[in-house]
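Please look through the chain below with its model beside you.

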Amino acid sequence: MMKPFAFLNRHPWVIALTIAVVVTLWMASGQGNGDHAKVDSMQAKPVDRDQEIRVTVHTQRATEVERFVRINGRTAPSREARMSAETAGSVVAVLVERGVFVKAGTPLIRLDMRDRDLRVTQAKAMLAQREIEFSARQSLQGEGYVSQTQMAEAQAALEAARADLRRVTLDLENRDIRAPFDGAIQQRELEVGDYVKVGDPALTFVDDSTLVVKASISESEGRFLDKISGGSARLITGQVVEGKLRYLAPVADASTRTFRLELELDNRDRTIPAGVTAELPTTASTSMGTAAWLPVPGSSLAPKSNFSNPNPG
């Protein structure tokens, strides 16, 4: 008689068939009905309509949004001259003190006379002599007593005398260091008794009737250069002043990678200080915001009866 285990080893399909039959019978017996019953009972439970949850919403409407580029700079005089002595001599008088406004041509510092007036007198006498000699030779040339070469020599001597007179006259005028334009002395290098040679620094002269805000804009914001046309500047003193664009560099500086710009300010009443920090707010671009419906956080949840729209329509 064949043993049971030997039979099963030779026929494994019998084991598989037996397991399949057992599982089928278990499922048919309704063992999983408990969970389905619970779900059905939850779905069947009536809902209290007064407790339905709603959210309050807020309407965001599109509006214009402006982007500003803030440019920092400093105020400075529109013109500044670093003046030097144009003749040699000793300082005998300081005629205008620092900070005093004067008109163009006003003497500021005076050097000693020396022999400048004597050289002018001598040059005038020499010029008169050369003019007489030239006229005499010109008369004799018509009679054939003076050659063309002699006339050329007389002409050259006359021109040399004229040039010498202009030179000594200019040297006499340069003993006074004069204001090159309307303005004031910012800094003076000389005092009475100082000796100066030609080219030695004398003073710094500025025109503060017109100021310039000198600033730079970075290359990353260079695309907004076409938006800059002028406007206002806010000073560190709290003043807000109006101006117009005087200069805008077409090419960025190679060392700083910035574009140079200058805003011109009218300062004829001299109420705007020079050398202070200034800020130039410039509108870079304008765009429209995006409309949206935004849910309020969970703390604002309310029953249906409290539902509201803060922006009806």
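Helices (H or I, at least four residues) and strands (E, at least two) are taken here as DSSP runs, numbered from the N terminus. By this assignment serine 78 is found in strand β3, and the chain as a whole has five helices and 15 strands. The model is a predicted one, in which local features need pLDDT of at least 70 and side-chain atom pairs count only at pLDDT 80 or more, whereas totals for chains, interfaces and linings use all residues. Residues are numbered from 1 along each chain as its sequence is written, and side-chain values use heavy atoms, with hydrogens and water left out.

Serine 78 is buried, with a relative accessible area of 19%, where buried means under 20% relative accessible area, exposed over 50%, and partly exposed in between (1.4 Å probe, protein chains only). If residues up to four places away in sequence are not counted, serine 78 touches Asp207, Thr210, Leu211, Val212 and Arg246, a contact being defined by heavy atoms within 4.5 Å. Over the whole chain of 313 residues, buried residues make up 27%. Among the contacts with a separation of 6 or more, 76% are between residues 24 or more positions apart.

An open sheet is formed by four strands in the order β6-β5-β4-β8, with antiparallel pairing; two strands are said to pair if DSSP finds at least two bridges between them. Strands β6 (176–178) and β8 stand at the edges with a single partner strand each, so one side of each is left without a neighbour in the sheet. Strand β4 (residues 89–94) is joined to β5 (residues 107–111) by three bridges, and in this pairing alanine 93 stands opposite arginine 110, while valine 94 stands opposite isoleucine 109. Towards β8 (residues 195–196), β4 pairs over two bridges, with glycine 89 opposite valine 196.

The buried residues in α4 include Arg116, Val120, Ala123, Leu127 and Phe134. With its 26 residues, α4 reaches 37 Å from its first C-alpha to its last, close to the 38 Å expected at 1.5 Å a residue, the expected span being 1.5 Å times one less than the number of residues.

The largest pocket holds about 250 Å³ of space. Of the 15 residues that line this pocket, Pro77, Gln186, Val206, Asp208 and Ala274 are the closest to its centre. On a 1 Å grid over the protein atoms alone, a pocket is an open set of points where a 1.4 Å probe fits, with protein on both sides within 12 Å along at least five of seven lines, and lining residues have an atom within 4 Å of a point. At least two residues of the lining come from each of β3 (64–84), β7 (184–188) and β9 (201–218).

Finally, aspartate 269 has its place in the loop between β12 (258–266) and β13 (277–288).

Key:
Grid points are joined across faces, edges and corners, and a volume is the space filled by probe spheres set on the points.
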